[in-house]
Amino acid sequence: MYRPTSLVNKWVQENNELVNKWKVPPLIPLCIFYLTPFPSPCPLPAGVPPLADHTHLELSVVYNTCVCATAQSQFTEAELLLTQALQRALQITGNDSVTSETPVFWRTVLKSVANTALNSCVLYLLCLQWAIWLATCQLKTIQEFKLCSLLETLCGGVGDDRRNETWGKSSDVPLLVTDPRKLVELLQICTSIAQGVERLSEGQCSEALSDLQSASSLPAPRALVAYVHLLSGSSCIIRPQMALQCYRKALETDSCCVCALYQSMLIYRQLGNTQAEIQALRLLHSTLMLLSATVPTVAGAHLLSPSLLLCSQSLRDLLSVPSAPSVLHNLALKCVLHGRVSEGVEHYLDLLAALHSEDQHGVRVHGEATPLPRLPQLYLETGAALLMARRPADCMALCNEVISTTLELLPEKLVLEDPEDRSQAETKEVRAEGEDKVAMLLWTGAAFLLQGHCHTHLMDWKKAVTHYTRCINLLVKVCYKKKGFQPQIPSADMVVKQETDLCTLQRLKGLSLAGRGISFTQTDRLREALRDLLLSLQAFPECVGAGLWCGEVLWRLGRRQEAAACWEKTWSFTRQGLPLYLQEPQSGPSLDSTKLKRRIQELGPT
């Protein structure tokens, strides 16, 4: 004889088997779990009204199915299932009210099922609606609905006592894939984080800090509590020491919170604490490498992960961290520029080895990686660092690598156009091709320049002159074209903006002429030296070496008043932030400014 209860029991059994498969290690992949659907939420023929005794089971199965759909970002499908389930719940209460506005519909349902056996099940489904609103960045709806106020109702034990007493003990009670109470705790702290981020993006730092501080005591995974401390630090960024304390709390809570390390490094940079900045960069790099080498584990606590619920662009920007190679590059450069040359060289060599290795660990974590300089630039920076470390042979070897890959690709003549005068119709591909040609020429010129510096360091003046001359001959191939004018040889007064190709060209020209001029002084070819040093100052007026040695040559030629004026002017130069390979060499012939000033004093007034 047919008994309806047998179908219900089978339905419960199928549901529970799927739940248990997921909960028992090893956990099955989520995609497979979702592709094995739960029993149909609506097994009765169309038009048959729902039975009160079975609606509890229907809503439980809907809950499980919607959790998996939401975890796969199938938000539209999940909301449709929720709507259908709630309509059947309304039929039980005798309320057939239907509205197209989701928040209004939910209020109607909650009012209808209040003080009924379905209340707790409907609240569980409301958790999923909350998750969908949060994952789709509908914070305003969450705030208007006052969802956080339902926490006490849902977590305080109000609802289906039968489920609480028999959870996991009876085969006729449908199991749930995730505990709604735990889910609410996750949703609450994720909502607090999202609201704090929104306030931060709107400039409401004090309000954001207040919200985040209250959220720091909520029960949540360590990683999310660390995010709360991290965002608290970002909300008091005008008070660096307080921000550092928040970032320290974030790291104490979760040692893998690389965002806190990165933000701490930026604070140290802002404060001018170079040693602390270098230490933070070193820790950040080692942590990123450790995380990239760690095999990710499947989280068993929630199918709905924090990354699914916290997906706003503002939060992604706040949590973004450069890639491990980018951090290593910053560390190497910072060490070289602040007197830790040997350490910086080792970091540069490690970076080149990582970029050439098939098993490189440059996996980005949290957000887009900061782009690295192109490989020839990294070779040139490494070469410059090696020369500063008194390793000219290694520097020349790297420069030969750059020259061998670029020299044959250089055009016979190159016209450098003002970026503001470029045709709007010019395609992206044509523009990129032109920029690549300019870049290759500048890289090759910089490689010849560094090789000239190496021979200067070795006091091989003939070879130094040869390599400086190669750089100069390469750079004179470039003409500069302004709209409405014929192409002409670039000059210093054409450099309006720093960090442009024209600016780099003039620096290269000035440094190579200065290097050749200084080399000429060592072989007493003073006329040629003076010519090159004056041309150097025309191309790159802030070149300190050219200014000092120009004064020295003038002094040797008996033009002592001109020499004194040249030195005085040179000492007034302000040092500019140049790329490492465009900085003036620290080795080779040098002049003692103290002795030069004594000469001026002995010269007396004019």
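The following questions and answers concern a predicted model.

Residues are numbered from 1 along each chain as its sequence is written. Because the model is predicted, local features need pLDDT of at least 70 and side-chain atom pairs count only at pLDDT 80 or more, whereas totals for chains, interfaces and linings use all residues; side-chain values use heavy atoms, with hydrogens and water left out.

Me: How many helices does the protein have?
Reply: Helices are DSSP runs of H or I with at least four residues, strands are runs of E with at least two, and both are numbered from the N terminus. The protein has two strands. Its helices number 28.

Me: What percentage of the residues of the protein count as buried?
Reply: Buried means under 20% relative accessible area, exposed means over 50%, and partly exposed lies in between, with a 1.4 Å probe and protein chains only. The protein has 606 residues. The share that counts as buried is 47%.

Me: Among contacts between residues at least 6 apart in sequence, what percentage join residues at least 24 apart?
Reply: A contact means heavy atoms within 4.5 Å. Among contacts in the protein between residues at least 6 apart in sequence, the share joining residues at least 24 apart is 69%.

Me: Is W106 buried or exposed, and which residues does W106 touch?
Reply: W106 is placed in helix α5 (residues 102–113). Because its relative accessible area is 1%, W106 is buried. The C-alpha atoms of W106 and T83, 23 residues apart in sequence, are 9.1 Å apart in space. Not counting residues up to four places away in sequence, W106 touches L86, V122, L125, L126, Q129, W133 and F145.

Me: Which helix supplies the largest share of the lining of the largest cavity?
Reply: On a 1 Å grid over the protein atoms alone, a cavity is a set of points where a 1.4 Å probe fits but cannot get out, and lining residues have an atom within 4 Å of a point. The largest cavity is lined by 13 residues, of which A384, M388, E584, P585 and Q586 lie nearest its centre. Helices α20 (375–388) and α22 (428–457) each supply at least two residues of this lining. The largest share, three residues, comes from α20.

Me: What is the volume of the largest cavity?
Reply: Grid points are joined across faces, edges and corners, and a volume is the space filled by probe spheres set on the points. By this rule there are five cavities of 30 Å³ or more. The volume of the largest cavity is about 140 Å³.

Me: What is the phi of C137?
Reply: Most residues other than glycine have a negative phi. S73, in the loop between α3 (52–71) and α4 (75–93), is not a glycine and has a positive phi of about 60°. C137 is found in the loop between α6 (119–135) and α7 (139–145), and is partly exposed because its relative accessible area is 47%. The phi of C137 is positive, near 60°.

Me: Where is L534 placed?
Reply: L534 is partly exposed, because its relative accessible area is 41%. The C-alpha atoms of L534 and C550, 16 residues apart along the chain, are separated by 7.0 Å. The place of L534 is in residues 526–539, helix α25.

Me: Which residue just after α28 takes a positive phi?
Reply: At the start of helix α28 (residues 593–603), a side-chain oxygen of D592 reaches to within 2.9 Å of the backbone nitrogen of T594. Just after α28, a positive phi of about 80° is taken by G604.

Definitions and conventions: On a 1 Å grid over the protein atoms alone, a cavity is a set of points where a 1.4 Å probe fits but cannot get out, and a pocket is an open set with protein on both sides within 12 Å along at least five of seven lines; lining residues have an atom within 4 Å of a point. A polar contact is a pair of N or O atoms within 3.5 Å; within protein, one must be able to donate a hydrogen and the other to accept it, and residues adjacent in sequence count only if both atoms are side-chain atoms.
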